Amino acid sequence: MIKILHRYILKEFIGSFVFGLIIFSAILLLDQIFQLVDLFLSKGVSLGLIAQLFILIIPNILTLTIPMAILFGALLSYGRFAEDNEITVMKATGITYKTLSMPIIVFVVFMSIGLVWFNHYLSPSTHMYFRTLYKKILTEAPLAKFNEKTITSIGQYKIYAHEVDSKNNTLSGVNIYKFEKIENKGEDRKTEYIPWRIAASYGTIGVNHNVVELTLYDGYWQRTDPNELGCMIHMNFKTYKFSIPIGSSIDFSDESLRELNSKKLRKKINETEKNALERNMYTNEYWLRWTVAVAPIVFVLIAIPVGIMAGKGGKAIGFGMSLVVIFIYYLFLVISMNVGEKGYVSSCYIMWLPDFVLAVVGIILFRKMLKK
């Protein structure tokens with residue numbers, strides 16, 4: 001009978017968990033979906049590449065949505081049991097709250113163990129593949145990064161185009177800006193930045209060996225004279241070829257923070273021991289992965305007693321409480337990340353604050369439920 005009961009509870013929980021996972025993932029994916037559709041419809045990127053990008057985005061979304069869905073699933077399933085008086089019937093047959101809770105707790109513990117590996121190794125590798133694919137898209141469709149009447153940053157350069165033709169890889173009404181760094185040769189040796197600008201009627205764009213190559217037509221080039229800051233150097237041109245290294249804005253040779261698996265993160269932490277700001281950044285990311293992996297266990301400690309004690313309207317209470325708990329958890333998480341990054345408290349302690357706070361609340365609620 002106990003095995004049948006556990007299967008019944010797990011079936012109800014998994015149904016609610018999958019539903020919550022779809023809802024939360026869809027919400028977080030909305031922005032990326034709009035960008036991917038724009039790449040396909042407006043920027044000429046092939047449907048195959050778009051599909052690959054979408055698949056690579058999903059693991060990074062699941063890192064956040066799996067803990068949310070576990071909380072949602074537990075609250076909704078146990079809330080439904082309470083609303084339909086099934087908890088009362090189970091108690092009347094001698095079933096204890098520990099027996100009712102055990103299948104979900106065991107399931108979630110295994111989920112958390114899986115999330116440890118997922119967050120530390122799988123998610124970083126998909127970030128790396130995503131950036132490699134994005135590099136391929138930039139090579140095949142160089143205007144994928146550009147929007148009309150919008151300033152686009154590539155390294156130190158700001159590029160504005162009045163019109164963008166993705167099919168022909170052309171820009172109209174082009175303006176390119178940059179502030180060039182110069183060293184003042186006076187006694188104070190002060191560093192100054194002087195404006196630098198290119199304007200052209202139209203131009204073509206391409207990508208070759210990680211370099212954006214622009215060919216501009218009918219325009220002018222001007223900048224402030226570094227020797228006479230009150231004067232402007234001006235040059236008109238019919239055709240002007242201009243190159244910008246992509247590596248200055250998208251560094252494909254070095255891995256970004258999110259692409260480093262935890263083994264590499266620990267190595268970076270040791271290498272940056274003398275640079276406190278950089279070390280804190282790597283340490284924050286390392287412990288964030290642990291915190292989010294353990295979050296499902298903390299969530300279920302709150303979800304089970306709240307759902308069981310909800311009574312009438314259990315499903316509605318479960319849905320509302322899931323949103324409240326998620327908001328509180330991620331609020332504490334953001335606070336912890338900021339405190340850890342600034343070095344006020346070591347990341348290995350402060351990053352556990354959200355889990356610790358909710359675990360204390362969950363234990364109190366669990367004890368209250370067992371005494372009921």
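This is a predicted model: local features need pLDDT of at least 70, side-chain atom pairs count only at pLDDT 80 or more; totals for chains, interfaces and linings use all residues.
1. Turning to ring pairs, a search of the whole structure gives 15 aromatic pairs. One of them joins tryptophan 196 and tryptophan 221 in an edge-to-face arrangement, with 6.5 Å from centre to centre and 85° between the planes. Since tryptophan 196 belongs to strand S4 (residues 191-208) and tryptophan 221 to strand S5 (residues 211-224), this pair ties together parts that are 25 residues apart in sequence. Both tryptophan 196 and tryptophan 221 are buried.

2. The rings of tyrosine 202 and tyrosine 217 are stacked, because their planes lie at 20° and their centres are 5.0 Å apart. With tyrosine 202 in strand S4 and tyrosine 217 in strand S5, the pair therefore ties together parts 15 residues apart in sequence.

3. Ring pairs also link Trp196 and Trp221 with Phe237, Tyr240 and Phe242 into a cluster.

4. Helix H1 (residues 2-41) has 40 residues, which should span 58 Å at 1.5 Å a residue, and the 55 Å between its end C-alpha atoms agrees with this. Among the buried residues of H1 are Phe13, Phe17, Phe24 and Leu29.

5. As for the chain in general, it contains 9 helices and 6 strands, and buried residues make up 42% of its 372 residues. Of the contacts between residues at least 6 apart in sequence, 65% join residues at least 24 apart.

Definitions and conventions. Residues are numbered from 1 along each chain as its sequence is written. Side-chain values use heavy atoms; hydrogens and water are left out. Helices (H or I, at least four residues) and strands (E, at least two) are DSSP runs, numbered from the N terminus. The expected span of a helix is 1.5 Å times one less than its number of residues. Buried means under 20% relative accessible area, exposed over 50%, partly exposed in between (1.4 Å probe, protein chains only). Contact means heavy atoms within 4.5 Å. Rings of Phe, Tyr and Trp (its six-membered ring) pair if their centres lie within 6.5 Å; planes under 30 degrees apart count as stacked, over 60 as edge-to-face and the rest as tilted.
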